[in-house]
Amino acid sequence: MALRWEEPPEGPVLVLLDQTRLPAEEVDLVCTDVPALVEAIRSLAVRGAPLLGLAGAYGIALAAARGFDVDEAAESLAHARPTAVNLGYGVRRAVAAYHAAIRDDADDAQAAAAALAEARALHREDAEASDRMAAHGQALLDELLPAGGHRILTHCNTGALVSGGEGTALAVVKAVHRAGQLRRLWVDETRPLLQGARLTAYEAARAGMAYTLLADNAAGSLFAAGEVDAVLIGADRIAADGSVANKVGSYPLAVLARYHHVPFVVVAPTTTVDPATPDGASIEVEQRPGHEVTDITIPYAPIAGHEAGTGVPVAPLGTQAHNPAFDVTPPELVTAIVTEDGVISPVTADGIAELWSRSRSGNGMMSI
Ligand SMILES: CSC[C@@H](O)[C@@H](O)C(=O)COP(=O)(O)O
């Protein structure tokens, strides 16, 4: 499990599966306070949009249970990373539950319990959303592609490591695999931090899928050879006009997919839709440190004498690097957005608004 709440005698803790150590080691990272959790979010020990929402909500529960200032905790957690809208959403939900309890004359312990109950509710909802996205996505692929085995290309990691359930895009791939319809999963390595090579390949191997890893820049020739039937990716934020922010490298795949007449499908829960962000240009894209590009970072320590987490420089010392963590794909390049509440296709502002008005997340929760 990517994240869990535990209550040892010394006090409650949030336990994260440290994703920077995968696939070499499955190591737990135990957070006893909010600064440790913020650091885990920044270092990508915990990552991926839906899981960041859960981390934010449980982080508030942790702050409340350990007697820290909940509003200060909310401020630092919500701003730990800027792009995935789910982080602020999870924080706001738990904070709202905490303050509602205080308004109802709850004592500190009862208010902390209310925050924890909200985090657990979000966790359950996220798992259910995964199942529903998987079903909708599988049905969509059955409509779009001929039967007989799909070759799906994916980018970054969108599986059980980013979710309370099976994930987003990878949850769809898993459903297709279980139905015997996955001919091949093409896994982009996802430079610079290799979420595809380290995490998606790890999940695909455990699920027994036929998968092949490729360098990101090998995708073009795969399309040209007719080896890709569909692209499935997740999202960190979907703007009101349907623009999709996702891991850097997603936009070039969308361009390739359009040129080669291949469906480009985004799979994300409604908690990733952000009607308060009007368009793609308004999405804040996280800029990460240059050393992630100038160095090859080995997050674990497979080489004798190499310290875990340090990088091997591959560019001349002093080289400047451009390192946006995400890019934005315009709606006209997206064939469909699959959510737990249905599929939007074509992707238009009206389609997003219509989904929003009938979804759970449109139930006032995002404006808390
Ligand atoms: C459901 S996961 C969708 C996205 O969150 C995922 O593709 C992604 O871009 C994650 O980026 P990361 O920087 O690893 O948090």
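**Exercise 1. Ligand contacts.** In this predicted model, find how far a polar side-chain atom of Q195 lies from an oxygen atom of the ligand, then describe the other surroundings of the ligand.

*Solution.* 
Step 1. Start with Q195: a polar side-chain atom of this residue lies 3.0 Å from an oxygen atom of the ligand.
Step 2. Turn to R81, where a polar side-chain atom is 2.8 Å from an oxygen atom of the ligand.
Step 3. At A49, a backbone N or O atom lies 2.9 Å from an oxygen atom of the ligand.
Step 4. Apply the cut-off for a polar contact, a pair of N or O atoms within 3.5 Å. The distance for Q195 is 3.0 Å, that for R81 is 2.8 Å, and that for A49 is 2.9 Å.
Step 5. Widen the view to the whole surroundings: 17 residues surround the ligand, and the closest are R47, R81, D236, N246 and K247.

**Exercise 2. Packing of α2 and α3.** Work out how the directions of α2 and α3 relate and which residues make the contact.

*Solution.* 
Step 1. Helix α2 (residues 49-65) packs on helix α3 (residues 70-78) at an angle of about 150°, with the axes 9 Å apart.
Step 2. Because of this angle, α2 is roughly antiparallel to α3.
Step 3. The crossing of α2 past α3 is right-handed.
Step 4. On α2 the contact residues are G56, G59, I60, A63 and A64; on α3 they are V70, A73, A74 and L77.
Step 5. Sorted by class, the residues of this α2 and α3 contact are 7 nonpolar, 2 polar and no charged.

**Exercise 3. Helix α5 and its partners.** Describe the crossing of α5 with α6, then the packing of α4 with α5.

*Solution.* 
Step 1. The axes of α5 (residues 108-144) and α6 (residues 169-178) come within 8 Å and cross at roughly 60°; this crossing of α5 and α6 is right-handed.
Step 2. From α5, S130, M133, A134, G137, Q138 and L141 take part, and from α6, A171, V172, A175 and V176. The α5 and α6 contact divides into 7 nonpolar, 3 polar and no charged residues.
Step 3. Helix α4 (residues 85-103) and α5 pack at about 145°, with their axes 8 Å apart, and α4 passes α5 in a right-handed crossing.
Step 4. Residues of α4 in this contact include Y89, R93 and Y98, while those of α5 include E118, L122 and E125. The contact of α4 with α5 divides into 12 nonpolar, 1 polar and 3 charged residues.

Note on methods
Residues numbered from 1 in each chain as written. Predicted model: local features only at pLDDT ≥ 70, side-chain atom pairs only at ≥ 80, totals over all residues. Heavy atoms only, no water. Axes fitted to C-alpha atoms, helices over the stretch in contact; angles between N-to-C directions. Helix = DSSP H or I, 4+ residues; strand = E, 2+ residues; numbered from the N terminus. Parallel < 35°, antiparallel > 145°, perpendicular 65-115°, else oblique. Left-handed = near helix turned anticlockwise from the far one by under 90°. Contact = heavy atoms within 4.5 Å. Nonpolar A, V, L, I, M, F, W, Y, C, P; charged D, E, K, R; others polar. Near = heavy atom within 4 Å. Polar contact = N/O pair within 3.5 Å; in protein donor to acceptor, adjacent residues only side chain to side chain.
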